[in-house]
Amino acid sequence: MGRSAAAVLASVSLFAGVGVALAPSASAVSNPGCTQDLRDHTAKITGNNVNLRKGKGTWTPILRVLQKGAKVTVYCRGVVYRDGDAEASEWYYVKHQASGIKGWVSVKYVS
């Protein structure tokens, strides 16, 4: 009986581990501004003095200024249209790895 219980426990653990690996990230799912889940990958900031913002758009408050080469975890992509703009601007919802602060960065400055 002990071996059977261990086998069941191992099977359940394996199953649960696979389930966790396939589940969408909590950060992307919990952010209503996300339109595309990007599965939490590491990227770098490509410009100097790049604004990490509270929302998608240059009119939203700046949370932190990031320097070229700063590492971020990219959770998802979001698009925003502003009245009068013919084109959408694209943003990534990220976490600045050094500070842990989460916010939005224009896709133009992330690689």
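Buried here means under 20% relative accessible area, exposed means over 50%, and partly exposed is anything in between (1.4 Å probe, protein chains only). These views come from a predicted model, where local features need pLDDT of at least 70, side-chain atom pairs count only at pLDDT 80 or more, and totals for chains, interfaces and linings use all residues. Residues are numbered from 1 along each chain as its sequence is written, and side-chain values use heavy atoms, with hydrogens and water left out.

**View 1. Glu90 and Arg77 meet in a salt bridge.** Their closest N and O atoms are 3.0 Å apart; the cut-off is a side-chain nitrogen of Lys or Arg within 4 Å of a carboxyl oxygen of Asp or Glu. Glu90 sits in strand β5 (residues 89–96) and Arg77 in strand β4 (residues 71–80), 13 residues apart. Strands are DSSP runs (E, at least two residues), numbered from the N terminus. At 37% relative accessible area, Glu90 is partly exposed.

View 2. Asp37 is partly exposed, at 30% relative accessibility. Searching the whole structure turns up two salt bridges.

**View 3. Tyr75, Tyr93 and Trp104 are linked into a cluster by ring pairs.** Rings of Phe, Tyr and Trp (its six-membered ring) pair if their centres lie within 6.5 Å, with planes under 30 degrees apart called stacked, over 60 edge-to-face and the rest tilted. Tyr75 and Tyr93 have ring centres 5.9 Å apart and planes at 40 degrees, so that pair is tilted. Tyr93 and Trp104 are tilted as well, at 5.2 Å centre to centre and 50 degrees between the planes. Tyr93 lies in β5 and Trp104 in β6, so this pair ties together parts eleven residues apart in sequence. Tyr93 is buried at 12% relative accessible area, and Trp104 is buried at 3%.

**View 4. β5 and β6 make a hairpin with five residues between them.** The two strands pair in the antiparallel sense over five bridges; pairing takes at least two DSSP bridges. Lys95 has Lys102 of β6 as its bridge partner. In the turn, look for Gly100, with a positive phi of about 80 degrees. Strand β6 (residues 102–106) is mostly covered, with four of its five residues buried.
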